[in-house]
Amino acid sequence: MTSSANTRRRPRVLFGIGVLAVLAVASLSVAAAGRVLIIQSNSAGDSVMLIDPTTDKIVGEINGIEVGHGVAPAPDGSRIYVTNEALSTVDVVDVPTLSVIKRIPLTGPPNNIAVRKDGQRVYAAITGANGGVDIIDTAKLEKIKFIRVLGGVHNPIVTPDSQFVVAGSTGGYLATVIDTQLERAVWSIHFGDGEGVRVFCFEANPDGSTKRMFAQLTNLHGFAIVDWEQRREVSRVKLPDIPVAERNSEGIQGAPAHGILVTPDGKQLWSTSKFNSRVYAYAMPDLKYLGEVKVGLVPDWITFTPDSKKLYVANAHDNTVSVIDVAARKEITRIKVGQIPKRNATGVFPMLPSGTK
């Protein structure tokens, strides 16, 4: 499918005073592999925004993607993949021009998206009773397979070694493990009745294989811990409570905790709390509680910079992104973004978007 006239619009690029000067020197955002950018979707809008973590300013915008849900960069930085809820497609964005070059039709309405480490496969979550995972061949830019998953899929997330993509089902109360080479389901873990799988992340062994999975479940204000080798849940962590009068009751949607991730250096795990409008930090591997940071209303997703120094929190009901200093456990600033920001991701881009140099 070729892009329409609307998807070929030139990128909208924004700069604050002094950005060019900052980019001229070695910095957090400029590495040997390329420039680091935070990709932020706006689930009630028609654009995806790019944030420069050096300046914490919006420096680019991808237009024409209505109700963009999941975002994921290609490992080589050449593309950004976005699930388009309005059209039930994966929209393929060319990074140098920030334009949609193809829309790949999906089996049904999508949620989140993931990319295999080698960049050859993209996995799109398909929601609903007849949902599952669509597999996309990135060389052909077409869907090549659909894997049915009980209860549909909310989030597909790739393990640290890319050997598996795990499909979390809110309706089926289980996580289905799909072998990325065989491209079929190989095992699953069932949580309690009514405990749909919302968001999860992984801890890696020294050799890069998966050690543990941390899963946020329906109505659980915390997360479950799965021993990967044993293929079973071994314990749970409950997030701290705050006075009921201070607790948020908006936008919970059965997920009081929605957003969890291990720092790239593997030293900490951070979790959001929609109830408390906070993010919480735990030391790895013992999960010793480290502290909290107050953020905006309904923190819905998180992503780190590659050096583990900054955390970006999408505040869905504030239309902002909180920027956290990880070491200091302190909010540095809040960035105004589009309507109902949810999924975000971090990408490294050797080929800079047009106009952002």
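The exercises below concern a predicted model, and each one is followed by a worked solution.

**Exercise 1. Decide why the ring pair of Phe 164 and Trp 228 is called tilted, and say which parts of the chain the pair links.**

Step 1. The structure holds 8 aromatic pairs, and in the pair of Phe 164 and Trp 228 the ring centres are 6.1 Å apart while the planes stand at 55°.

Step 2. Planes under 30 degrees apart count as stacked and planes over 60 as edge-to-face, with the rest counted as tilted; the angle for Phe 164 and Trp 228 is 55°, so this pair is tilted.

Step 3. Phe 164 belongs to strand 14 (residues 164-169), whereas Trp 228 sits in the loop between strand 19 (222-227) and strand 20 (232-238), so that the pair links distant parts of the chain, 64 residues apart.

Step 4. Buried means under 20% relative accessible area, and therefore Phe 164, at 11%, counts as buried, as does Trp 228, at 9%.

Step 5. Ring pairs also join Phe 164 and Trp 228 with Trp 187, Phe 200 and Phe 202 into a cluster.

**Exercise 2. Work out the strand order of the open sheet of 4 strands, and describe how strand 10 pairs with strand 9 and with strand 11.**

Step 1. The order in this open sheet is 9-10-11-12, and the pairing is antiparallel.

Step 2. Strand 9 (110-115) and strand 12 (142-148) each pair on one side only, and they are the edge strands, while the twist from one strand to the next averages 25°.

Step 3. Strand 9 and strand 10 (residues 121-126) run antiparallel and are joined by 4 bridges; Pro 110 stands opposite Ile 126, and Ala 114 stands opposite Tyr 123.

Step 4. The hairpin formed by strand 9 and strand 10 has 5 residues between the strands, and Gly 119 in its turn has a positive phi of about 80°.

Step 5. Strand 10 is joined to strand 11 (residues 132-137) by 6 bridges, again in antiparallel fashion, with Ala 124 opposite Asp 134; in the turn of this hairpin, Gly 128 has a positive phi of about 90°.

Step 6. Both faces of strand 10 are covered, with Arg 121, Tyr 123 and Ala 125 buried on one side and Val 122, Ala 124 and Ile 126 buried on the other.

**Exercise 3. Determine how many residues of strand 22 are buried, and describe its pairing with strand 21 and strand 23.**

Step 1. In strand 22 (residues 268-273), 6 of its 6 residues are buried: Gln 268, Trp 270 and Thr 272 lie on one side, and Leu 269, Ser 271 and Ser 273 on the other.

Step 2. Strand 22 pairs with strand 21 (residues 260-262) in the antiparallel sense over 3 bridges, and Val 262 stands opposite Leu 269.

Step 3. The hairpin of strand 21 and strand 22 has 5 residues between the strands, among them Gly 266, which takes a positive phi near 75°.

Step 4. Strand 22 also pairs with strand 23 (residues 278-283), in the antiparallel sense and over 6 bridges, with Ser 273 opposite Arg 278; 4 residues lie between these two strands, and Ser 277 in the turn has a positive phi of about 55°.

Notes
Residues are numbered from 1 along each chain as its sequence is written. This is a predicted model: local features need pLDDT of at least 70, side-chain atom pairs count only at pLDDT 80 or more; totals for chains, interfaces and linings use all residues. Side-chain values use heavy atoms; hydrogens and water are left out. Rings of Phe, Tyr and Trp (its six-membered ring) pair if their centres lie within 6.5 Å; planes under 30 degrees apart count as stacked, over 60 as edge-to-face and the rest as tilted. Buried means under 20% relative accessible area, exposed over 50%, partly exposed in between (1.4 Å probe, protein chains only). Two strands pair if DSSP finds at least two bridges between them. Axes are lines fitted to C-alpha atoms, for helices over the stretch in contact, and angles run from 0 to 180 degrees between N-to-C directions.
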